[in-house]
Amino acid sequence: TDPLYHMAELLDWIKEADAEHEIAGHSFSHPRFSDLSRDQARAELMAMCDAFENRGCELDSVIHPYIDVSHLDLLYEFGISTYSLGVETKARTLRAGLRPFLTRNCRFWSTPTVEPFVDSEGLVAVPRSRQLSDERWGWINIRRLQNTLNSDDEGLVHLTLHPHNLIYDPFLKYTIPRMLKIVAQRRDQGDIEVVTFRKLASQLR
C-alpha cells in the first residue's frame, strides 16, 4: 500500500465493484475555499487533480470541504462538471415552530427531494437533501427515506455522509446498511433509479 494514502486499497475496491460508483474530489488539503485566493484555489485544485491522475481515477465531481463552495469558475477550468451544495440548517427548521413535528407529510418526516440545476458557469449543482449525521436516532432517517420513496414525489434524493461521522455517531453503522437495502430493493423493483453525479450531469447538460 502507498503510505501517502489512508486505505489506498479502498479506491481499488470501488473501481472494481460491480455497482456503478463515482469517486469525487474533496480538495487536496481540506481548506475552506472561500479563505483562499484565486491562485491558492487553483493550486489546491491542481494538486487534487494530480492525485486523482496518479491513482488512475477519473475526476468529474467535487464535494467542497465544509460545503464551502467558492471559485466555481476554476472547477470548469479543470474539467470538473458537478459539485454539491449544502442543506437547509437546523436553525431554519426550528424557526418554523412545532408544525413540522406534527404533520406526517412535512419536511421533518420525509427526506426532502432536491432539483439539480446548471449554474452560470455551466456546472451542474446538486443540493443535498440531508446530512445523515444530523440526528442521533437512526430510525428517523430510515422512516424519512421510506416515506419519501412511498410518496408521489419524483425529485432527486441526495444524502451525504462524512467518514468521521461513523466514529462520532455509532448508530450510523446500523442505519446506513438498512437504508442501502431499502434503496436497492426499490431500485431492483424498477421504482427508482440510482445515478452517479457523472451520469446526472450528462442528463442535464
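These are my notebook entries on a predicted model of one protein chain.

**Entry 1: ground rules**

I number residues from 1 along each chain as its sequence is written. Since the model is predicted, local features need pLDDT of at least 70 and side-chain atom pairs count only at pLDDT 80 or more, while totals for chains, interfaces and linings use all residues; side-chain values use heavy atoms, with hydrogens and water left out.

**Entry 2: the chain as a whole**

I began with the secondary structure and found 9 helices and 6 strands in the protein chain. Here helices (H or I, at least four residues) and strands (E, at least two) are DSSP runs, numbered from the N terminus.

Next I looked up burial: 39% of the 205 residues count as buried. My cut-offs are under 20% relative accessible area for buried, over 50% for exposed, and partly exposed in between, with a 1.4 Å probe and protein chains only.

The protein chain exposes about 12,700 Å², and carbon and sulfur atoms supply 53% of that area. Accessible areas come from the Shrake-Rupley method with a 1.4 Å probe; for residues, only the protein chains shown count as cover.

For contacts (heavy atoms within 4.5 Å), I took those with a separation of 6 or more, and 65% of them join residues 24 or more positions apart.

**Entry 3: the sheet**

In what order do the strands of the open sheet run? I read β1-β2-β4-β3, 4 strands with mixed pairing. The edge strands are β1 (61-62) and β3, each of which pairs on one side only. Two strands pair here if DSSP finds at least two bridges between them.

β3 and β4 form a hairpin with 5 residues between them. In the turn I noted glycine 122, with a positive phi of about 85°.

**Entry 4: salt bridges**

A search of the whole structure gave me 9 salt bridges. I count one when a side-chain nitrogen of Lys or Arg is within 4 Å of a carboxyl oxygen of Asp or Glu.

- Arginine 38 bridges to aspartate 73, with the closest N and O atoms 2.6 Å apart. Arginine 38 sits in helix α2 (residues 38-54) and aspartate 73 in helix α3 (residues 72-77), so the pair ties together parts 35 residues apart in sequence. Arginine 38 is partly exposed at 39% relative accessible area, and aspartate 73 is partly exposed at 26%.
- Aspartate 191 bridges to arginine 186, the closest N and O atoms being 3.0 Å apart. Aspartate 191 is partly exposed at 43%, whereas arginine 186 is buried at 18%.
- Lysine 199 bridges to glutamate 193, the closest N and O atoms being 3.2 Å apart. Lysine 199 is partly exposed at 29%, whereas glutamate 193 is exposed at 53%.

I also marked a network of salt bridges that links Asp39, Arg42 and Glu77.

**Entry 5: rings**

How many aromatic pairs does a search of the whole structure find? I got 0. The test asks for ring centres of Phe, Tyr and Trp (its six-membered ring) within 6.5 Å, with planes under 30 degrees apart called stacked, over 60 edge-to-face and the rest tilted.

A charge over a ring did turn up: arginine 32 lies over the face of tyrosine 66, at 4.0 Å from the ring centre. The criterion is NZ of Lys or CZ of Arg within 6 Å of the ring centre and within 35 degrees of the ring normal.

**Entry 6: two loop residues**

Glutamate 20 lies in the loop between α1 (9-16) and α2, and at 55% relative accessibility this residue counts as exposed.

Is serine 110 buried or exposed? At 16% relative accessibility, serine 110 counts as buried. This serine is in the loop between α5 (99-102) and β3. Leaving aside neighbours within four places in sequence, I find serine 110 in contact with Arg130, Arg144 and Thr148.
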